[in-house]
Amino acid sequence: TLRKPISQSSMADWASKNLNMHTQGIFRRRISISNMLSWNGGSIKKPMLITSNHAIKKEACEMFKLVQSYMGDRQTRMDHNHVALVAITKCWSMQGLRDELYIQLIRQTTDNSCYRSLAWGWELMAISLAFFSPSPKFQSYLEGYIYRHLDSDENIAQRIKELVDLKTKKNSKSRKKRKQNTENEGLPISTYAKYCYRKLQKVAVTGGKKGLRKPTVEEIAHARSAIVTPSLFGSSLQEIMLRQQDMYPGNKLPWVQTQLSQQVLALGGEQTEGIFRVPGDIDEVNALKLQVDQWRIPSSLSDPNIPASLLKLWYRELEEPVIPQQFYKECISNYENPDAAVAVVQHLPELNRLVLCYLIHFLQIFAQPSNVGRTKMDVNNLAMVMAPNCLRCQSDDPRVIFENTRKEMSFLRMLIVHLDTSGMQGLL
């Protein structure tokens, strides 16, 4: 369910307070807000947003050139992936530059008369959201902008036609014309907008790419392809199963779930102290995530904490938790009742039931006394680290969250101890 975004008047008010108003002409007249937020074929001499940071002031103008280069409005020798890599790396390294990139993209995708350029601008926004979120201060503005393009294809086509007609009249006596392109090359803008809207909701919570390693061109290419090919991470279970239908038509469980689980065991995870509690190296986890999303499991893995951390991430990032939201109250109401807890599982949708039972079967291996002695992860510890990945409390009240966390852990503990998962043996 999409939240209602901030109103148009609130967005205008935000812009009036935060835009670094530009000037033009020999009399240095201030440009209007509407012109500040409309496509510009020239360069800029200062940031779009008010800032006192000298490094941001310098980089913002260079960023604008990169945005124009990616959108095809400025010539460059670099290909799309490398232009995006330079822009994304600047923002990833310099947090204060992120809002500036997003406001520049808003500007260059507003009243843009070239559809190809417009689509590439939205594509760069989608890629950016795979790596970092806007600041909390700017998020509502960006969200409002994206929201207004979710079903805007007809309006955009009409607006491009109006702009082209207007420019044709103005430039009829001039040799200097911008090459126009009104054909819908690439995806509809609404497709980009819907992807960006979902991505913004997630990245605002997760915080984007973590680790010390800078973004790579492979990650940029992967972020581009994810717009049309849903990732194995952050999608719904149904989408994941649909995506693997061609490669693994006989599988009843998500390939990513079974493969990562088997990797943890193959690397001796059930004999590794602190498994699931000790995080794997974040850069190694990111690298594995990229390969898993391409249906590859590298043979060079040696640390079971890497696939264990990625497995937890996969559960946590599911669009809807393994135990769907409508069963949440029933779960926390029966956190002390073994029979009632098991009964909840039996009432889950078939795919969710299989995925949850596979997870519980997997955790039961680690809960065996002979393994607990090595891992120091008894059933209580296992429930503590895995419960947040299976159940999601929707309340914003810290007291409710704190109380429910205890009940969530207890519910999962009931399943690890009492759920019969013998039927999951060897299931893929």
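Which residues does the UniProt annotation "domain: Rho-GAP" cover? The unreviewed entry places it at residues 235-423; such annotations may be inferred rather than shown by experiment. This is a predicted model: local features need pLDDT of at least 70, side-chain atom pairs count only at pLDDT 80 or more, and totals for chains, interfaces and linings use all residues. Residues are numbered from 1 along each chain as its sequence is written, and side-chain values use heavy atoms, without hydrogens and water.

**Annotated region**
- Residues 235-423 are 61% helix and 0% strand, by DSSP runs (helices H or I, at least four residues; strands E, at least two).
- The end C-alpha atoms of residues 235-423 are 27 Å apart.

**Serine 69**
- Serine 69 sits in helix H3 (residues 54-70).
- Its relative accessibility is 12%, so serine 69 counts as buried (under 20%; exposed is over 50%, partly exposed in between; 1.4 Å probe, protein chains only).
- Leaving out residues up to four places away in sequence, serine 69 touches Arg74, Gln75, Thr76 and Val83 (heavy atoms within 4.5 Å).

**Salt bridges**
- The structure holds 14 salt bridges (side-chain nitrogen of Lys or Arg within 4 Å of a carboxyl oxygen of Asp or Glu).
- One of them pairs glutamate 319 with lysine 202 at 4.0 Å, N to O.
- Glutamate 319 lies in the loop between helix H14 and helix H15 and lysine 202 in helix H9, so the pair ties together parts 117 residues apart in sequence.
- Glutamate 284 bridges to arginine 213, with the closest N and O atoms 2.9 Å apart.
- Glutamate 284 is in helix H13, and arginine 213 is in the loop between H9 and helix H10, 71 residues apart.
- Aspartate 397 and arginine 399 meet at 3.5 Å, N to O.
- Arginine 399 is exposed at 67%, whereas aspartate 397 is partly exposed at 26%.
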